Amino acid sequence: MLNKISLSNLPLIPLISLITFTIIGLIYSLKFIKNQLFPNKKLKKQIINPPSDSILSLMKNTPLLYIKSLSKITGYNIYAKLENYLPFTSKDRMIKNIILTAEKNGKLNKDSIIYEGSSGNTGYSVAIISKILGYKCTIIIPDDCSNEKINLLKTTGCKIIITKQCPFSNFKDNYIRLAKKLSEKDPNGFYINQFFNKENYLTHYKETGPEIYNQLKGKIDCFISSAGTGGTITGISKFLKEKNPNCKIILSDINGSGMYNFIKEGVMFTKEESESNRKKERYYSIIEGIGNNFLNDNFNEAIIDESYKVSDNEALFMSKFIYENDGLFFGGSSSVNFVALYKMFLDKENNVVNSITKGANVVTVVYDSGIKYMSKLFNEENIKGNDIKNIEDIKL
Ligand code: PMP
């Protein structure tokens, strides 16, 4: 009798199943008990990025964010490359690479003083990265920079020279020309030269472009960006066009800048916009960091298919629209990108862009947050005259 119910007499398959399930059950119970007793061990496994020993190593791999509101309206899949997620400013990667390349080439030593002219974010990246690497630096800025940016720059302890805002054609006072001149006079001077140093666009060719490409597994139909030096749009456009010549590259531009004209007509400015006609102001726009009236070695190499001009009112409306609908607070040079994108959507008759239809993956860049422009762009005085109340009020 005992023999009959012994294990060897049980059918083999149910027996193996029973043993397997018992073992699996035991493993999971033990794991559960271990996680309850030592919760930190589980946390450790969740850490994706290993610890970094230098903030410089974190100047890469920014997120790509799907923008719900405008994707819904246009039918495109709109993604924003959040360069504002870099540690200091969207210019971090470019400045880090310029300085590290100069170090490698023996152009910097412990006594070097780094010079740069900047109306945008570059100045802060230069100042803080110089400080981290132990260099002194002098930043020359035009006097129409936002107070937020000037105050931030002051915290680095760098030398700041504020000069009057005037065009590049003004050899004496223009902030870019002054930075170059001062660096040449100083025996220890090193000039970053963001407009003419090709390391600028090469950074975006080697890093930002490939990052976007990988993030979307190569499926990019269109890239849109504003430009200051043009480093970002040039590097990314060169990379994306090499991968897919049908990918459309669109430049967004502001009033008073000649870049739009250059793309449309092949010349930098119309008669009315010529620099000699500008007595007081550089641009007829309060948006900082973008727009230009001279060709430089970075923008010169961009491969651009189409351009849209955006007014300050349109950009201001878009900043508020995206803030209200998506909870994202972008600065002016990013908001113009979204207006240009919307204008491209309206531009149905245009052969250059009408291949961009429903379901297309359209990528743009966020350069910085609206917080930096609270006093200027989001100032009640500037908002008052805004006649754009709905997205439909934006016209081609
Ligand atoms: N937005 C802001 C706020 C900037 O400071 C800059 C750089 N001056 C840009 C956009 C444009 O970047 P890029 O120089 O690569 O064209």
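## Ligand shell, domains and a helix pair

In this predicted model, 17 residues surround the ligand, and the closest are Gly120, Gly228, Gly289, Ser333 and Tyr367. A residue counts as near if its C-beta atom, placed from the backbone, lies within 6 Å of the molecule. The model is predicted, so local features need pLDDT of at least 70, side-chain atom pairs count only at pLDDT 80 or more, and totals for chains, interfaces and linings use all residues. Residues are numbered from 1 along each chain as its sequence is written.

**Ligand shell**
- The shell holds 3 nonpolar, 12 polar and 2 charged residues.
- Ala, Val, Leu, Ile, Met, Phe, Trp, Tyr, Cys and Pro count as nonpolar; Asp, Glu, Lys and Arg count as charged; the others, Gly among them, count as polar.
- Domain 1 (60–86 + 201–393) and domain 2 (92–191) each give at least three residues to the shell around the ligand.

**Domains**
- Domain bounds come from an automatic or database domain assignment.
- The C-alpha centres of domain 1 and domain 2 lie 25 Å apart.
- Their contact takes 20 residues from domain 1 and 17 residues from domain 2. Contact means C-beta atoms, placed from the backbone, within 7 Å.

**Helix pair**
- The axes of helix 5 (residues 122–133) and helix 6 (residues 147–154) come within 9 Å and cross at roughly 10°. Axes are lines fitted to C-alpha atoms, for helices over the stretch in contact, and angles run from 0 to 180 degrees between N-to-C directions.
- Helices are DSSP runs (H or I, at least four residues), numbered from the N terminus.
- Gly123, Tyr124 and Ala127 in helix 5 meet Lys149, Leu152 and Leu153 in helix 6.
- By class, this contact of helix 5 with helix 6 has 4 nonpolar, 1 polar and 1 charged residues.

**Overall dimensions**
- The C-alpha trace of the protein spans about 110 × 60 × 40 Å along its principal axes.

Conventions:
Helices (H or I, at least four residues) and strands (E, at least two) are DSSP runs, numbered from the N terminus. Two residues are in contact if their C-beta atoms, placed from the backbone, lie within 7 Å.
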